Amino acid sequence: MTATTQRWLIVLAVLVYAIAFQGTRGLYSPDEGRYTNVALNMLDSGDWLRPMLHREVEHWAKPPLTYWSVAASVAVFGRSELAARLPGALAFAGTILLMMRLGRRFVPSQPWLPALTYATFAFPPLAANLVTTDTLLTLWETLQAAAFVALWYAATPRDERRARLVLWLAAGLAFMTKGPPGLLMLGASAVFAFLTARGAGLRRLVAWDALLVFLVVGGTWYAVVALREPGVLRYFLVEEVVNRVASDKMHRNAEWYGALKVYVPTVVFGMLPWLPLLVGTWWRGRGTLMRDLRTDADTRLLACWLLPIVVFMLARSRLPLYLLPLFVPLAIIAARALAPLDLRRVGTRIAIAAWCVFLVLARAAPAFFDVPVDDRALAAALMKELPARPDEVAFVESDPRYGLRFYLGAEIERLELPGDAPNSHAQDIASEMSEHEGCRVLLVNAGSWPRLEEVLAGDTVTYKRLDDVRGYAVAAQGTPDCPAYGAL
């Protein structure tokens, strides 16, 4: 077998490992439903610049690269769960392959070992089964890491320039995926450059052509939407940066102990099955850590790449997926501790293969359980009650299940009742009921039905209450442009 054939077989195996069973379970709310809904709105409207939850409600919480990737996948492969998750699966596969390149530097005796540890950590494969920004972000941050290594150890000025361009290209793509958090790997690498070579090290990272690449790739969309929507930049700075870091507005584990509650289990369980072996190895070598940090540049670089954990600990918005990019340096550290790993032993190969099979099957397992956040199950239950597909599904006083758009093709929105606190993502129910937008279904938490019923009666809205569905009271509105519901 030639080396080229062997490389292509490795790529094929990684792709199969990353993609298998990605389409088995339904989309889960809130995140998967929201991302796919925005992507479908882009496809249907043809407006790829403005993320929209509904044709009247913009959604600027994230830059658009994840939405673009999901929309493009659905446009090419059709509306299926596999298509929606394919960008994340490919990003996971790309990260594994980049880890092999990083392995040449950090574990030269077994350059494939960092890829193996990353691929078999529990957290990254399971995270790749979610439609979210974090797996795509991890790909770009891993590319930043690989490009920085190539830049720092470049043999010629030409190699250095090429690596610097890739570094800032990856930074631009990360910035288009999640904004400022996408630059944490670049910042950590800059810390290493300064500690190692002071100002000269920082100057190696910067050149006019590299900055131009970053501005074009990472800044063009921001510039265009800022001209079209003057308040967007303020929203990004205040809501998506300041409030996430300094306030509890996002209600994401902001307690003083929130970081420990979220991140310790993520690292402990996410590093299985290798963690027990690593703890033993690190304990035996604990006396040499400070010496290695002073004398070994590779150890110092890996330590710097872990510095973003300080930002995540201090920020008051904390979720497990925020740590996903840190599993890249953790996988390299694990590989260095495990090397040399003897794969000639049949027992070792069988154990690793069995674990990989378990992780792949874990993607399919939720499809066999009734999960409350499963939007596919909710859509199927609704269609058992309705004589025709709705054109609009409106959630009253409850968070919308945006994944219904994926299954029903209906517009999804949130309505607020009179006296409710203003919500930027909600519309007034009185004005909405007066609009004729085809077949409309109202969903409200069963306990809030009496209040909704009172409002509908006061507005003389024609409706039919159907059987409750998965905890929601359901009402089909009868309008002249929806004969199917009018006949209920």
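Strands β3 and β6 (residues 440–445) run parallel and are joined by five bridges, and within this pairing F395 stands opposite L443 of β6; strands here, like helices, are DSSP runs numbered from the N terminus, a strand being E over at least two residues and a helix H or I over at least four, and two strands pair if DSSP finds at least two bridges between them. The structure is a predicted model, in which local features need pLDDT of at least 70 and side-chain atom pairs count only at pLDDT 80 or more, while totals for chains, interfaces and linings use all residues. Residues are numbered from 1 along each chain as its sequence is written, and side-chain values use heavy atoms, with hydrogens and water left out.

On another side of the pairing scheme, β3 also pairs with strand β4 (residues 411–416), again in the parallel sense and over five bridges, with A394 standing opposite E413 of β4. Strand β4 is in turn joined to β5 by three bridges, and these two strands run parallel; here L415 stands opposite Q427 in β5. These pairings belong to an open sheet of six strands in the order β5-β4-β3-β6-β8-β7, in which the pairing is mixed. Its edge strands are β5 (426–428) and β7 (463–469), each of which pairs on one side only. From one strand to the next the twist averages 35 degrees.

How many of the residues of strand β3 are buried? Five of the five residues in β3 (residues 392–396) are buried, so this strand is largely enclosed by the rest of the structure, where buried means under 20% relative accessible area, exposed means over 50%, and partly exposed lies in between, for a 1.4 Å probe and protein chains only. In a regular strand the side chains alternate between the two faces of the sheet. In β3, E392, A394 and V396 point one way, whereas V393 and F395 point the other way, and all of them are buried.

Helix α19 (residues 375–385) lies across β6, β7 and β8 (472–477), and runs at about 135 degrees to β7; the axes are lines fitted to C-alpha atoms, for helices over the stretch in contact, and the angles run from 0 to 180 degrees between N-to-C directions. Contact means heavy atoms within 4.5 Å.

Helix α12 (residues 258–270) has 13 residues and reaches 18 Å from its first C-alpha to its last, close to the 18 Å expected at 1.5 Å a residue, the expected span being 1.5 Å times one less than the number of residues. Its buried residues are G258, A259, V262, Y263, T266 and G270. These residues cover an arc of only 95 degrees around the axis, which puts them on the same side of α12; the arc is that of the directions from the helix axis to the C-beta atoms. An α-helix has 3.6 residues a turn, so residues three or four places apart point the same way. What covers the buried residues of α12 includes α6 (123–127), α16 (308–314) and α17 (327–338).

Most residues other than glycine have a negative phi, and most peptide bonds are trans. A cis peptide bond joins L272 and P273, with omega about 10 degrees, and P273 has its place in the loop between α12 and α13 (275–284). Another cis peptide bond joins A339 and P340, with omega about -5 degrees, and P340 lies in the loop between α17 and α18 (346–364). Positive phi values occur at R198, near 55 degrees, and at R470, near 50 degrees. R198 has its place in helix α9 (residues 184–205) and is partly exposed, with a relative accessible area of 47%, whereas R470 lies in the loop between β7 and β8 and is partly exposed at 35%.

For the protein as a whole, there are 23 helices and eight strands. The radius of gyration is 25 Å, close to the 23 Å that the globule rule gives for 488 residues, so the protein is as compact as a globular protein of that length; the radius is taken over C-alpha atoms, and the rule is 2.2 Å times the number of residues to the power 0.38. Of the 488 residues, 51% count as buried.
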